[in-house]
Amino acid sequence: MSFFGRNRAPRSRRSPTPSGGTGPRNSSSAPPSRSPSPASPGSKPLYLCTPFADAALVKGNFKTIVMLPKYTDIMEWVAVNMFDFYTNLNEFYGVIAETCTQHTCPTMSGGPSLNYVWTHQGGKQATLPAPTYIDYVMTSIQNLIDDENVFPTKSIFPPFVPSNDQDGISTASSRLWHIYHAHYPQILHLRSEPHFNSLFAHFLAFGREYELLEARDIKGEPNAPVGVGLLWERWKEKGILES
């Protein structure tokens, strides 16, 4: 059995349908797409301000953390890290979940001019409140983790193909973007910005190292930029992340 299998803890299933019911979501639905929303002028976000932007638990370049250890199978390494990202992100969202409601977050925003829409199997898109969208995301990732064809626990791992794991990383990224954009004050209130920044930097470094994240996934499109794209650029300039 793999390290991934030994570390995996059981998790209760989330409801695959939004409140009020708009039809079941197929577990093999396509990853979410993005649609721009009207820009709302505002001040510089807190996560880009000093000292919050530079708060971290880890000093130095994150590449040293994500490099493949000697004698380790790359798929085993990817599986363990994806499970850890999933677990840590779930815990962070859990402490701010009561502030992320259908009233406070009627859309899944990732920046001042960016809203995410969920794409169901068949191509139908739906604008969902952030809590419902996030529920879909975590169910999708859980299904990916439980897929024995992707992350086997009773046989050897298949050859590493980045595209096989990109869906899990890209869907998880929208949740990180949303927390930064809509709930960073709560992170600061808990004095957890060093922990959250370190999780985010680790996530970016790992995604880029193994070609699971593209630059446009982080920065967004010119007409719909991801707010934390500037944080990525800042950390690259400081040598925390690779280009």
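**Close-up views of a predicted model**

View 1. Helices are DSSP runs of H or I with at least four residues, strands runs of E with at least two, numbered from the N terminus. Just after helix 6, Glu211 takes a positive phi of about 60°.

This is a predicted model: local features need pLDDT of at least 70, side-chain atom pairs count only at pLDDT 80 or more, and totals for chains, interfaces and linings use all residues. Residues are numbered from 1 along each chain as its sequence is written, and side-chain values use heavy atoms, without hydrogens and water.

**View 2. Arg234 and Asp54 form a salt bridge.** The N to O distance is 2.9 Å; the cut-off is a Lys or Arg side-chain nitrogen within 4 Å of an Asp or Glu carboxyl oxygen. Arg234 lies in helix 8 and Asp54 in the loop between strand 1 and helix 2, so the pair ties together parts 180 residues apart in sequence. Arg234 is buried at 19%; Asp54 is partly exposed at 28%.

**View 3. Lys63 pairs with Glu209 in a salt bridge.** Their closest N and O atoms are 2.7 Å apart. Lys63 is in helix 2 and Glu209 in helix 6, 146 residues apart.

Terms used. Buried < 20%, exposed > 50% of the residue type's maximum accessible area, 1.4 Å probe, protein only.
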